[in-house]
Amino acid sequence: MKNVLIGVGVIFLLGFIGFSWFTGKYDTMVQMQEGVTKSWADVETQYQRRSDLIPNLVSTVKGYADHEKETLMGVVEARAKATSVNIDPSNMTSADLQKFNSAQSGLGGALSKLMVVVEKYPDLKANQNFMQLQAQLEGTENRISVARNRFNESSREYNTYTKGFVNKFIASSNGFEEKPYFESNKGSDVAPTVSF
């Protein structure tokens with residue numbers, strides 16, 4: 001009888017250790033997945049900040065360069081397109097991320113054209129409101145870069161963890177899928193040519 005109780009106790013103890021090990025791995029994957037989701041929210045927050053600055057920037061430029069309507073409309077349209085692309089971080093794919101990046105790059109290109117137009121207007125460049133908006137926009141671009149890097153880092157940590165030898169089985173059987181990385185658009189490694 002004593003041996004049976006010891007055997008049952010050992011089986012119970014091994015089962016408890018196995019269950020604890022499994023739940024520890026599972027909980028770590030959940031925490032890392034939430035880290036990726038939070039990092040993505042940080043990226044979206046910075047893009048939203050940039051988007052919120054654009055109407056003020058456009059109206060400031062419009063006061064000085066009203067006949068540059070095509071450029072101003074391009075910025076407004078690019079902003080609308082960029083804000084229309086939303087991604088659900090729980091099931092984002094590389095294609096979703098590329099679509100988002102493409103829309104944001106379109107807005108970045110429109111803003112670059114706007115800044116080239118601004119060079120023609122020395123009074124505008126000296127305007128205090130414009131200078132503050134431009135500084136905020138530059139700061140936001142830096143924040144976007146930092147947020148994207150943090151997102152990629154949290155995706156890398158999550159992907160590395162879920163691809164571990166044993167973790168791969170736990171991840172695949174419980175719906176933990178690989179997270180994509182934020183990558184630059186094709187051709188962005190070539191510096192653009194700007195002519196005045």
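Visitor: What percentage of the 196 residues in the protein chain is buried?
Guide: This is a predicted model, and burial is judged here by relative accessible area, with under 20% as the cut-off. Of the 196 residues in the protein chain, the share that counts as buried is 32%.

Visitor: How many helices does the secondary structure of the protein chain come to?
Guide: Read along the sequence, the pattern is α-α-α-α-α-α. The protein chain has zero strands, and its count of helices is six.

Visitor: Is Tyr64 buried, exposed or partly exposed, and why?
Guide: Tyr64 lies in helix 1, which covers residues 2-64. Buried means under 20% relative accessible area and exposed means over 50%, with partly exposed in between. Because the relative accessibility of Tyr64 is 35%, this residue counts as partly exposed.

Visitor: Which residues are in contact with Tyr64, leaving aside its neighbours within four places in sequence?
Guide: The C-alpha atoms of Tyr64 and Val118 are separated by 9.0 Å, although the two residues are 54 apart along the chain. Contact requires heavy atoms within 4.5 Å. Leaving aside the neighbours within four places in sequence, the residues in contact with Tyr64 are Tyr121, Asp123, Leu124 and Asn127.

Note on methods
Residues are numbered from 1 along each chain as its sequence is written. This is a predicted model: local features need pLDDT of at least 70, side-chain atom pairs count only at pLDDT 80 or more; totals for chains, interfaces and linings use all residues. Side-chain values use heavy atoms; hydrogens and water are left out. Helices (H or I, at least four residues) and strands (E, at least two) are DSSP runs, numbered from the N terminus. Buried means under 20% relative accessible area, exposed over 50%, partly exposed in between (1.4 Å probe, protein chains only).
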